[in-house]
Amino acid sequence: MQDGVFNELADLALKGSGQAIPRSKSYLIEARLAPIARREGFGSLEDLVHCLKSRANPVFAAECAAALVSKDTWFFRERETLQRLAEDILPVRLKAGNTGRLKVWIAGGSTGQEAYSLAMMLEDDMPPALRGAKIEILSTDLCKAAIERARTGRYGHYEVQKGLSIHRLMKHFTRTDSGQWEISEVLRSRVSFRQHNLLESAGGLGKFDVILCRNVLSGMDRAARSRVADSLAAQLMPGGLILLGQGESLIGLTNQLEPSRDFRGAWGAADPNRKPVATSVA
Amino acid sequence: MKTCLIVDDSRVVRKVAARIIKDMRFDVAEAGDGAEALEYCRKQMPDAVLLDWNMPVMNGLDFLRALRREEGGKKPVVMFCSIENDAEHVSEALRSGADEFIMKPFDAEILESKFAEVGLI
């Protein structure tokens with residue numbers, strides 16, 4: 001890929017989603033934009049870049065930027081975190097809230113496997129402390145196509161065999177005539193999906209008891225991570241928590257959040273009396 | 001090191017699966033049908049069995065039922081790996097003592113995921 005084409009597309013990804021794609025991973029750009037280039041009849045990515053530059057089409061540019069974000073996800077990814085959420089964190093939040101309602105936001109939920117995994121876990125192994133609670137699960141993603149797929153609840157042969165036991169597959173899915181596997185209506189009704197760019201204000205989504213933002217920030221540049229961290233912090237209910245992917249951290253990114261004292265690996269609103277952490281952007 | 005017995009009448013499938021399973025640090029043994037697999041198990045019970053359904057001489061289901069009746073035959077984790085993957089076949093496999101079911105075709109990620117699912121890795 002020519003430097004000019006790479007620079008244009010890497011810049012598009014950075015501005016559109018905060019994703020930092022290094023030159024060494026230019027193959028990701030080719031792989032992720034190939035379907036759009038084919039659909040639009042472009043002979044090369046150079047032609048696609050030329051189109052993006054010559055015609056102001058924010059919808060098409062946003063679609064390309066969203067396509068450049070990793071969609072990598074699978075059922076029950078980092079299962080231990082989901083188990084801690086269901087068994088430890090949600091019961092505590094339910095008791096603290098005293099409303100009988102819990103709201104969970106899966107930020108950057110791609111094609112929905114994470115949201116459906118949580119719904120399945122709660123259906124199959126509902127902790128006694130959560131019985132009777134109304135648990136709302138919202139999954140958002142920047143990519144419209146990913147959200148549309150998530151809403152259908154349909155997954156392919158390889159997707160349903162990654163992270164999902166045969167027992168759960170048989171219990172919660174049916175095979176469609178086209179050979180795909182469709183998740184049950186019951187589970188679909190427990191999860192909602194909405195398109196949302198994490199770089200933009202999430203005020204319209206409401207406040208949440210728990211926000212899962214796993215393996216999303218690690219692909220972003222530092223300025224974007226910092227902006228998203230502040231945005232997520234603004235959507236936490238008092239006492240609410242943020243859970244990140246394994247190995248991810250918010251240290252140095254925001255003054256709004258600090259490690260939870262009660263739940264290792266979780267992040268909650270920072271104590272306003274605490275000395276602020278430097279958030280200078282390199 | 002744990003041992004996995006791959007039972008499939010296709011040499012190609014055995015070869016592909018063996019390569020993936022060896023990468024998961026298993027010793028691998030192979031059998032071309034259920035009777036050969038049962039003979040192996042009577043000498044040395046493996047920790048895991050990757051089992052095809054349709055095979056000559058003795059099919060996967062008959063092997064599984066016979067295995068579970070053997071002394072020590074409840075120990076191996078048995079994962080069916082078959083193209084016969086409609087709900088009826090899967091239910092029958094689980095009722096007969098299978099621990100997991102892998103739908104062919106498979107790849108390394110699927111095998112790793114299923115081995116993790118049943119606690120082998």
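User: How many salt bridges does the rule find across the interface of chain A and chain B?

Analyst: A salt bridge is a side-chain nitrogen of Lys or Arg within 4 Å of a carboxyl oxygen of Asp or Glu. In this predicted model, the rule finds two across the interface of chain A and chain B. The side chains of A:Arg79 and B:Glu117 form a salt bridge, at 3.0 Å from N to O. Local features require pLDDT of at least 70 and side-chain atom pairs pLDDT 80 or more, whereas totals for chains, interfaces and linings use all residues. Side-chain values rest on heavy atoms, without hydrogens and water, residues are numbered from 1 along each chain as its sequence is written, and chains are lettered from A and ligands numbered from 1 in the order in which they are written.

User: What area do chain A and chain B bury between them?

Analyst: The size of an interface is often given as the accessible area lost when the parts come together. Buried area here uses a 1.4 Å probe and is summed over both parts. Chain A and chain B bury about 1400 Å², 55% of it on carbon and sulfur atoms. On the chain A side, A:Tyr158, A:Gln161 and A:Ile166 lose the most area to chain B, together 42% of what that side buries.

User: How many residues of each chain are in contact?

Analyst: Contact means heavy atoms within 4.5 Å. By this criterion, 15 residues of chain A meet 19 residues of chain B.

User: Which residues does B:Leu51 contact beyond its neighbours within four places in sequence?

Analyst: Among them are B:Val7, B:Gly60, B:Phe63 and B:Cys81.

Notes: Buried area is the accessible area (1.4 Å probe) that two parts lose on being put together, summed over both.
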